[in-house]
Amino acid sequence: MGDGDPVGGGGHGPVPRIPTPRASVEDGGLPLSGLADLGDLAPVPLDLSHDVLKSLLGAWALAACSAAETAAVEEHLGGCGSCADEARRLREAVGLLHQPESLDLNPSLRTRVLESCLGRRPPRIPVPDWAAPYDAEAARLDALLQDFGDAEWHAPVRLRWFEADLPTSRPTTVAGVIAHLLSVDGLVATALGLPDPLAEAAGAAEPGALGPAGRTEAYWRASHLPPASPHPSGGDGPLPLRSVRGPWREQSHGLVRTVSFTGGHAGGLTVPYGDFSLPLHDAMLDRAFECWVHAEDIAEAVDYPYPPPAPRHLNRMIDLAARLLPTVLAGRRRAGLSEPGRRTPHLVPAGAPGRSLRLEIEGAAGGEWLIPLDSPAAVGSADLEVAHVALDGVEFCRLAAGHVSPEDAAVGQGGDRRAIRDVLYAAASLSRM
């Protein structure tokens, strides 16, 4: 670019190819205009016809009009009754598009719909009351899994429980959790004469595969599942992890269908768990509890809210845990993890009243249980109550699941401190892989 006079300088040099910057108003020496000089900034209503204003009502309801159009529409609504009615209906419709509540279905909706339907037309083959919690929890978990993609099925999950009064955990994936539920539910399936999911799994015949942990490990090995599950982008590997949902879903339906066909008369059938056994009605409650607990594990892994079971189902699960506590306390004494009370150095005879702890569960699923402390066959006695523990229902279940340590449980307590500690640790000892 050559030299020359600036534009407008009166010289005869070449005009610059790039215009020079304009002078700022601050550099001109003139006073700046104040806000008062800008005039009234309020929008001036437009002079629009009735038909045009009526066509703007939808945009106005969505707050999509300009300031001037908004002023014109609102001035018109003050004098036109038909447009005012239409505007009110459009605003109400827009309100339905912006619901502040979550669009997720209420977890109790399925139960309410079924109760309403069955109240009008009872089922030919009803589900027994003691199997209803499992039916509900399996359905809720299945709904959670419905739209999972590969990333969710590979999401890491850590199974947690207490063993020898110490927290224990095992890494797995969402698919590994469902495989775990499939394996342990298989204990109930085989007791009912249904196919065992481990029948074709390598290692299923090993002695250690009799209990929940052994069965799970055997199924994991056979399915190449956790702890080293292949990433979705990996090469060779087993079937897609989501394929485990089908067998688990089919087995859960088979369990509910089979116990329903028995008319509830099979509730006393024994289900072996390896080191212990449960009657079928308690085993179904146990499986409902595990289904809920592990569904929470999965929901936490994929960052999705998951509410607790219906209060009447949660109450049944709490009752099962409370009934198992005396047996667990006796087992802890045999293992040297707790001691008999000072006032009762020997176990109380079967059927006799003994020292008791009052377990008070708060909330909609709550109630009170007298836990005999000195013998699993003793009778809880209010006259021999030595301690009292109060816990929220969900908090107690998470303690029994090994997700909350006895020291961290939010407990209201009074009385014999050693008895309270023994019961809290016994509750945590109910947990397992």
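**Exercise 1. The lining of the largest pocket**

Determine which element supplies the largest share of the lining of the largest pocket in this predicted model.

*Solution.* 
Step 1. The largest share comes from helix H12, with 10 residues.
Step 2. Other elements also take part: strand E1 (156–163), helix H9 (212–223), strand E4 (277–279), helix H11 (280–301) and H13 each supply at least two residues of the lining.
Step 3. The space in the largest pocket amounts to about 1,100 Å³. Its lining consists of 44 residues, of which Phe 276, Ser 429, Leu 430, Ser 431 and Arg 432 are the closest to the centre.
Step 4. Sorted by class, the lining holds 24 nonpolar, 11 polar and nine charged residues.

**Exercise 2. H12 against H13**

Classify the packing of H12 on H13 from the angle between them, and list the residues in contact.

*Solution.* 
Step 1. Helix H12 spans residues 311–334 and helix H13 spans residues 393–400; their axes lie 10 Å apart, at an angle of about 50°.
Step 2. Because of this angle, H12 is oblique to H13.
Step 3. The two helices cross in a left-handed sense.
Step 4. On the H12 side, the contact uses Leu 314, Ile 318 and Ala 321, while H13 contributes Gly 393, Val 394, Phe 396 and Cys 397.
Step 5. Six of these contact residues are nonpolar, one is polar and none is charged.

**Exercise 3. H12 against H14**

*Solution.* 
Step 1. Helix H14 covers residues 417–429, and its axis comes within 9 Å of the axis of H12, with a crossing at roughly 100°.
Step 2. From H12, Leu 325, Val 328, Leu 329 and Arg 332 meet Arg 421, Asp 422, Val 423, Tyr 425, Ala 426, Ala 427 and Ser 429 of H14.

**Exercise 4. H6 against H8**

Decide whether H6 and H8 are roughly parallel or roughly antiparallel, and describe their contact.

*Solution.* 
Step 1. Helix H6 (residues 132–145) packs with helix H8 (residues 174–191) at about 155°, and their axes are 13 Å apart.
Step 2. An angle over 145 degrees counts as roughly antiparallel, so this description applies to H6 and H8.
Step 3. The crossing of H6 with H8 is left-handed.
Step 4. Tyr 134, Leu 141 and Leu 145 of H6 make the contact with Val 174, Ile 178, Leu 181 and Asp 185 of H8.
Step 5. The contact of H6 with H8 contains six nonpolar residues, no polar residues and one charged residue.

Terms used: Residues numbered from 1 in each chain as written. Predicted model: local features only at pLDDT ≥ 70, side-chain atom pairs only at ≥ 80, totals over all residues. Heavy atoms only, no water. Axes fitted to C-alpha atoms, helices over the stretch in contact; angles between N-to-C directions. Helix = DSSP H or I, 4+ residues; strand = E, 2+ residues; numbered from the N terminus. Parallel < 35°, antiparallel > 145°, perpendicular 65-115°, else oblique. Left-handed = near helix turned anticlockwise from the far one by under 90°. Contact = heavy atoms within 4.5 Å. Nonpolar A, V, L, I, M, F, W, Y, C, P; charged D, E, K, R; others polar. 1 Å grid on protein atoms, 1.4 Å probe; cavity = no way out; pocket = protein on both sides within 12 Å on 5 of 7 lines; lining within 4 Å. Points joined across faces, edges and corners; volume = space filled by probe spheres on them.
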